[in-house]
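Thanks for coming. I have one structure to go through today, so please look at the screen while I talk.

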Amino acid sequence: MKNHALNYMIFASFLFFLSCSSPGDISDQKEPVTEATMEGAYTLTASQFKSSGMALGTFDSSTFHQIIKAIGKFDVPPENNAAVSSYFPGTIKDIRLLPGEKVRKGQNLLTLENPDFVQIQQDYLEAKGQLSYLQSDYERQKNLVQDKVTSQKNYLRAESDYTVTKVKAASLAKKLSLMNIDPNTLNLENIRTTIQISSPISGYVTQVDARRGQFLESSQTAISIVDTDHMHLELNIFEKDLSKIQKGQIIHFKTQEDNKQSHEAFVYLVNKTVNPEDRTIGIHGHLSDEKLNQRFNPGMYVEAEIYANSTSKLSLPQEALVDIEGKYYVLILNNYSQNQYFFSKKEVKTGLSNDGNVEILNHTDFSKNTQFLVKGAFNLITE
């Protein structure tokens, strides 16, 4: 009877010693290899815990997002695309451009030649020359009719001639401006048979559809230019996800050329019409960092995830979970001594995942201060 009482006191003292120990007091001495004491229970020495880089952790509150998948491409606003043409037909005398070449706004891109250009300049100079005489005659007739020296008919004829010529000179001056000829500097000495076609925007040449010696018709596209200073995403989502999308939500996307690197954008506009063919809706996204514009080209295919409906949930790191035949398990710390850790395997139910964290749906099955093996659980369970 006394032996039984003595054994009980020794066992109780050992339990008290275990409860007063802490992981921070564990020594670095080497211990035997880990052995499972029972099914689902694991014993780990302090030296094994340290040498394997294992770590303990508790539940953490993480932000999770409902992720909406989207696909699309890079594009630029309509005003950043330009189709270069001429208001006047002519033969291309000079063109020296290649796709990919950078051009600036106002830069001469090609030279057109046409004898008709001379006629427009001639007509303008003639109208301009007549205008001074007709204005003087009009004012003279106006004074004469007031003094009743001349007839009303002569006055009206002078007024009409002056007005018609004035309108003609103004319209020809507008044509000359469209031909990149300054009407204020035009004179008999600088009449030309050629005109210069300049770039309406700064950007990069994407296509050259003209060549030297070709006759370019009026409004026929010769060169295409794109300004990539404001790249944006044109994405498509299914209409069932429309209610989850809001302006300002974060977008993470990858390109085909580098599907390992993720970039960030945000929802700027949501289209209001549904594509009747595939039941999708367009999403317009802007890059969070405009400096990345030069890394992408219009038309590049992208795969994106839109982060919607953010919620805060109790979670564990992904590394703390071990997948065994479709079920997830964790190792919880039951006890520890100066030289050993004692773990047991427990099943957990998972929910959302984000940034290496996994929502634990059955967190109420554990106490608030439960400690989990958050690093090294996979190796320990699968040994």
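I will take the sheet and hairpins, then the cores, then one tyrosine.

First, the ground rules. This is a predicted model, where local features need pLDDT of at least 70, side-chain atom pairs count only at pLDDT 80 or more, and totals for chains, interfaces and linings use all residues. Residues are numbered from 1 along each chain as its sequence is written, and side-chain values use heavy atoms, with hydrogens and water left out.

Some terms for the sheet. Helices (H or I, at least four residues) and strands (E, at least two) are DSSP runs numbered from the N terminus. Two strands pair if DSSP finds at least two bridges between them.

Inside, strand 10 (residues 203–208) pairs with strand 12 (residues 223–226) over 4 antiparallel bridges, and Gln207 stands opposite Ser224 in strand 12.

Next, the hairpins. Strand 14 (residues 250–255) and strand 15 (residues 258–274) run antiparallel, joined by 5 bridges. The hairpin between them goes through 2 residues, and Ile251 has Ala265 in strand 15 as its bridge partner. Strand 15 also pairs antiparallel with strand 16 (residues 280–287), over 6 bridges; there, Val267 is partnered with Gly285.

On to the cores. A nonpolar core here is a set of buried Ala, Val, Leu, Ile, Met, Phe, Trp, Tyr and Cys residues joined through side-chain atoms within 4.5 Å. Buried means under 20% relative accessible area, with a 1.4 Å probe and protein chains only. The largest core has 31 residues, of which Leu112, Met179, Ile223 and Ile225 touch the most other members. Helix 3 gives the most to this core, with 5 residues. Apart from it lies another core, of 24 residues, among them Ala70, Phe74, Ala265 and Ile281.

What does Ile223 touch? Counting contact as heavy atoms within 4.5 Å, and leaving out residues up to four places away in sequence, its partners include Ala82, Val84, Val205 and Gln207.

Last, Tyr42, which lies in strand 2 (residues 41–45). Why is Tyr42 counted as buried? Because its relative accessibility is 13%. Tyr42 and Leu380 are 338 residues apart in sequence, yet 8.0 Å apart in space, C-alpha to C-alpha. Beyond four places in sequence, Tyr42 touches Leu380 and Ile381, and also Phe342 and Phe343, among others.

Key
Buried < 20%, exposed > 50% of the residue type's maximum accessible area, 1.4 Å probe, protein only.
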